[in-house]
Every structure is written in structure tokens, then in C-alpha cells.
Amino acid sequence: MSEGSVFAVHRASAYSSSDQARIQKRTVVVLIASQAAGGFGLVATYIVSALLAKDITGSATLATIAASCLSIGAAAVAVPMSKLMNRHGRRVGLRFGYLVGAGGSTLAVLGAILLSYPLLCLGVFGAGAGSAANLATRYAASDLAPEHRRASTISMIVWATTFGSTAGSVVSGFASDVGRTIGLPDKTGSYVFAAFMFLVAAAIVELFLRPDPLVVANEVSESLNGARGRSAALPTPTARDALALIWQKPQARLAVLAMVVSQVTMVGVMALTPLHMDAGGQSQNAIGFMMGFHILGMYLFSPVIGQLTDRIGNYPMLYIAGGLCTWGAWWAAVTPPTGAVGVFMGNFLIGLGWCFGVIAASSLLVTLYPIHQRVAVQGVGDFAMIGSGALAGLTSGALYATFEYRGVNYANALFGVALIVATFLTFTGVRRVTRRPQPAATVGGG
């Protein structure tokens, strides 16, 4: 039976619990597969962007700007992609992101062949759409997840990135070798691999993400609204409305701040570490292995973190996220360019802090809003997270030239401290409000 016929039959009633459980199980499996493929494309692109841009321009500042175009492109696509999802479902939005990512990676190959820095940046910008799609899959998995399992479900999708991202980082040097054998410039083979894997991710989503989890979740919500005597046609908020919704809730503000801090710290350290290691004479393979170690921190332990989040709550996880970001940035800061342990462990801890922060913050954001508001809020939250990371990447080159690797990472450590303070203030404020005695109802209604 086709998706359309299923919806036609069940339009007036909610899906049964067994239907939802079956669709959710299939959704998670499909998204794990697409996330693994997309993660490969994302990391294969990221690793070589700064190095290739430096080869073309000879400038560390321009190199970090090129790498930051990946985040800029992801931020630019986040809100339009959420609009597509609101109108047509998760599948259409994710497919759009992955296809634009594949096109951008192909354009970056052309930029490398022509030694055109602007064309390279434009290609990396387009590849960023694949990054936005990868991030959005965590929310797609939560659409039909039971409330007590949302963090665990999100963490499974984050965990799936381990396979593709680790493979992408490890084979980066091999991909460059393959590219050279077919006549492409050095490092360009990684973009070819990235374009192919983004296409694979798009095909997985298009062929197998059926029925669409967001469409089903909306069907369930509309049936419940009708059963309760409400209008089923609930309006979806615009980006401006979503921003206002976030601002109205201190927990939502904390969730977005946690994602911003996690992303800024992660990008701020990771964008400069390849240049730091390159200055110490370390090879591209060593840089690739460092990136793989960093990615293990970001993704490998996410199922455990998701389970802990569901069990003990979001706030303890956000405290840990802030602590790990602070520790990792400090450790990387005190490591010389020729050192391995400090940059490996510092980037690993920052990746782990990112994982704690993103899973707990995403879970918190999902629980605060009904389904008709959720996608727009998620899009604005991801825009804030990715856009702040892009800003960190854009400014990192200039900051590196002025304050060196150590000074920039000391500043990154302060962001982790800020998250700890913000979590404490929000938690105590919310607890104070919930414990405040409610005024007694006046007899007679007057």
C-alpha cells in the first residue's frame, strides 16, 4: 500500500500505537543509514577545505574562511529546509539538503582544478547543505519517539555518524591518492567521495523514508485535536514566530545557548588544529587521524549519553558538556604544534562535550513545543547553532594570527564556563517558578 493510500484511509483517526511503533522503528533504521553516508561526505569535505584553500592562496586566514563556508552554507539552508519539511515532510527537506551538498562538493572539485578560491568557497558553501541535513535527521527521528525515549532516539542518530565520519577522516589521504591517479589536483579526491556519499544519503532518504515520520506525527496530532474539539488546521510559525517562541521560554533559550556553545567551541578548536599540526610538520594522515579521534568523541558514546539524559535529565548533561568543553580547549591550548597527545585528547574531549550538549539540548527543545511548532523552532535553533559555529570559524584565522592557537583556545574554554553558569541560573530559576505557590481560585469567579 502506498503512503498516499495509507493517509487517505486513516485521515480521520490517529494511527494506532503499534502502527506508530512500527513506523518509528523503520524511520530510525533508515535515518541511521542516511546519517552514516552523509557523515562520510561531510568529514571528507571538511578535512581538506582549509588545507586546499591554503595551497591555493598561501593564507591561513583565507584557509579558515574556506573551511567556515561549510558551516555558513549549513546555516543558510537550515531555515529554508525546515520550511520545506513543514510543508512537505522530512523526506523532501532531507533530500534537498543532501542533493545540494552533492552539487556543492562537485563544484568544489571544479574550483580546485581551476585553482579558483572563490569557486572553491562556493562549492564548500553548497556542501554545507549536507551538514544541515545530517543535523536535521536527529529531529526527524524524534517525531514519533515516545517522550521517555526522545534523548535515546536522538542519540542513536548522532551515534550513526560515527561510521561515516570516522571512515571519511581515515580515508581522506587515500581519497586524495585516488584523485591524483585520475588526474585531479592534490586533496581533491575527498570532494569526489563526498559528492558520491551525499547522493547515497539522498537516495536512502527518498526510497526508504516512507511513510514520512513528520507527516504521520501531524496526522496523529490532528486526530487528537479533532477528538478534543479543536481546529485541526493549526498554523505553523514563521521563523520570526519561532524566534519569539524560543525567547519566551528560559529552558528553550538555554537549549539554544547549549547548542551554540557546543558548536562554537568545537568549531573554534577543530578549525585551527589542522593548521596548528601542519605548522609542526605533521602529515595529512596524522591530521586525519586526529580528526577521527575528535569524531569518536562527538559520536561514539552518544547512545550512553542519550540513555543518561532520559534517566537523570537534561540539566546534569549540560553541566558536563560545559565542563568537557572547558577542559578540552585548555588541554589543546597548552600543546605545542609538534605534540600529539594534547591535540588528540583536547579535540576528543571537546567532541565529547559537543555530544553531551547537542543531545541534551535537542531533547530539551523537542519536549517544550507541540508538533505544529516544533519544526520551525528546530530550524531556528539549528540556524543559531550552525551560524555561530560559522562565525567562530570565520574569525578563527584572524584570531589565530593575533593570539595564536593557545590564546584562541583559552577563549574557547571560557564558553564552556559560560554554559555551566547559564545552566545553573536557568535550573534554579525554573525550579523557583515551579515551586512558587499558585494563587487560590476566588470563590464565585469574581
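View 1. A search of the whole structure finds zero disulfides, a disulfide being a pair of cysteine sulfur atoms within 2.5 Å. Cys121 is accordingly in no disulfide, and the nearest cysteine sulfur, that of Cys69, is 4.2 Å away. Cys325 is also buried, at a relative accessible area of 0%.

View 2. Ser155 is found in helix H6, residues 150-170 (helices are DSSP runs of H or I with at least four residues, numbered from the N terminus). Ser155 counts as buried, at 0% relative accessibility, and its side chain reaches the backbone oxygen of Ser152 at 2.6 Å. When neighbours within four places in sequence are left aside, Ser155 is in contact (heavy atoms within 4.5 Å) with Ser302, Pro303, Gly306 and Ile359.

**View 3. Leu414 in helix H17.** Leu414 lies in helix H17, which covers residues 371-435, and at 59% relative accessibility Leu414 counts as exposed.

**Notes to the views.** Residues are numbered from 1 along each chain as its sequence is written, and side-chain values use heavy atoms, with hydrogens and water left out. Because this is a predicted model, local features need pLDDT of at least 70 and side-chain atom pairs count only at pLDDT 80 or more, whereas totals for chains, interfaces and linings use all residues.

How values were computed. Buried < 20%, exposed > 50% of the residue type's maximum accessible area, 1.4 Å probe, protein only. Helix = DSSP H or I, 4+ residues; strand = E, 2+ residues; numbered from the N terminus. Polar contact = N/O pair within 3.5 Å; in protein donor to acceptor, adjacent residues only side chain to side chain.
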